[in-house]
Number of protein chains: 2
Amino acid sequence: MDLHAMDRYIKSLIKEAGHRIRNSFLTDITIESKSNANDLVTNMDKEIEQFFIERIRRDFSGHRIFGEEGFGDDIQNTKGIIWLLDPIDGTMNFVHQKRNFAISLGIYEDGVGKLGYIYDVVNDDLYHGVKDGGAYYNNEKLRPLMETDISESIVAMNATWAIPNRYLEHEAIIQLIRDVRGTRSFGSAALELAYVASGRFDAYISMRLSPWDIAGGMVIAKEVGAITTNFKGDPANLLKQDTFIAANPAIHQELLNKYIKFK
Amino acid sequence: MDLHAMDRYIKSLIKEAGHRIRNSFLTDITIESKSNANDLVTNMDKEIEQFFIERIRRDFSGHRIFGEEGFGDDIQNTKGIIWLLDPIDGTMNFVHQKRNFAISLGIYEDGVGKLGYIYDVVNDDLYHGVKDGGAYYNNEKLRPLMETDISESIVAMNATWAIPNRYLEHEAIIQLIRDVRGTRSFGSAALELAYVASGRFDAYISMRLSPWDIAGGMVIAKEVGAITTNFKGDPANLLKQDTFIAANPAIHQELLNKYIKFK
């Protein structure tokens, strides 16, 4: 892969997709539910995924595509080059707010993240990372994350993880909420991951994310020193849904040891 | 009061203050704690409040000022014209993120909100409302809030209210989290209130807010039909800290009746 050439291509592709999404605000959006009443999908999620797939198939034969809406390939292993795409990460925000959603895209080769993109469509803000080439917020290089500690941290997490749930001891999460400086929740994993990479959040945790939610962000986060794993501390799963944490390296292990306890 | 002339004056004043805040990103910010280690204040909170006070005293003699940083007047009643000002609402975001904070300003006459402003400084987005004159997002008029119900609502609230706390039965809040479509938390009461007024959130609740946090937003919210009260359903207190809810009129009463139970 010529990462430099692909990076230029992808930036142009993402900006064109963003333009299509912003244009859709002028027309009616069709909304359906997927797994449950609050798991929304719109015609735009589908159209944007198909837009990407068409271009990728035309210009990168042999590359495979793993997309949220399922129009890509049936991915059972991480061999070769795979594009992991969430055309609209934060669909609920897209529907209710017409903002605070992102295009999330990661390019992996044999399971190794090479290029990562998170595009905040409405603000026209692009975060991107190139393996061993640094991470960027638009044209500004993101700096390595600075040392921090739990008591001065801002942690992004959904309130549903602080109430009794089937995955985690919520009492430990309650202690986390008490120990940190503050918690936040945007409702877009990609944007929350972009905030960790840019040092605006110190950690982001979720019980349940899919590969396309995190693939782009992981490449960006790694370039600034953030650690991304599942809750066992293992590398995040690129093939199926799993737990997920992205954190400042100074607090990643402490978060896992002290606050995240499986049921 | 000539609301139209004051509105023009205030918009110019707020934009100038915003410019000063954005410029401060180029220099070092001094950070201190107030009531506790996580209650931050910076030199900019103080400088911006003093900037407003100087202009108000020069150009509106007789008006009183009730500001978060305490450089204004000692306000014990709501008589006459009072400017309620939070120079930087969301100071923790200002410090950690350099975004997601706002200037919040409300002008009240004998306790009645006349003008309200929430300025998202970094995005240069101004929300404002004029009593009986409508609410605006920049130059776009905000529409009256549409009918909704709890199950399709997005509610802004801090996760600290979902865990055992001294104010509320948190079990009822847990039920609320289960019943709504989603929860969010930005860490700026003013911006969360602006989101309620623009229909992007359906409600915002907090156990503890000060008059300057909500004064501007209440004027804006009222113009689109949102209801703002304390948790007892009484008008929000303009003189001291209190509980607070801003909600779509279709769900305000149900939120109070079913989910908000004082200890």
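**Sheet, flanking helices and chain pairing in a predicted model**

In chain B, strand 12 (residues 203–209) and strand 14 (residues 242–247) run antiparallel and are joined by five bridges. Strands (E, at least two residues) and helices (H or I, at least four) are DSSP runs numbered from the N terminus, and two strands count as paired if DSSP finds at least two bridges between them. Within this pair, Ala203(B) stands opposite Ala247(B) of strand 14. The model is predicted: local features need pLDDT of at least 70, side-chain atom pairs count only at pLDDT 80 or more, and totals for chains, interfaces and linings use all residues. Residues are numbered from 1 along each chain as its sequence is written, chains are lettered from A and ligands numbered from 1 in the order in which they are written, and side-chain values use heavy atoms, with hydrogens and water left out.

Both strands belong to an open, mixed sheet of five strands in chain B, ordered 11-10-12-14-13. Its edges are strand 11 (182–184) and strand 13 (227–229) of chain B, each of which pairs on one side only. From one strand to the next, the twist averages 15 degrees; axes are lines fitted to C-alpha atoms, for helices over the stretch in contact, and angles run from 0 to 180 degrees between N-to-C directions.

Helix 6 (residues 211–223) of chain B lies across strands 12, 13 and 14 of chain B, at about 155 degrees to strand 12; contact means heavy atoms within 4.5 Å.

Chain A is superposed on chain B by a rotation of 180 degrees with 0.0 Å of shift along its axis (RMSD 0.0 Å), by least squares on the C-alpha atoms of residues with pLDDT of at least 70 in both copies. The two copies are therefore related as by a two-fold rotation axis. In chain A, the C-alpha of Ser185(A) is nearest the axis, 2.4 Å from it.
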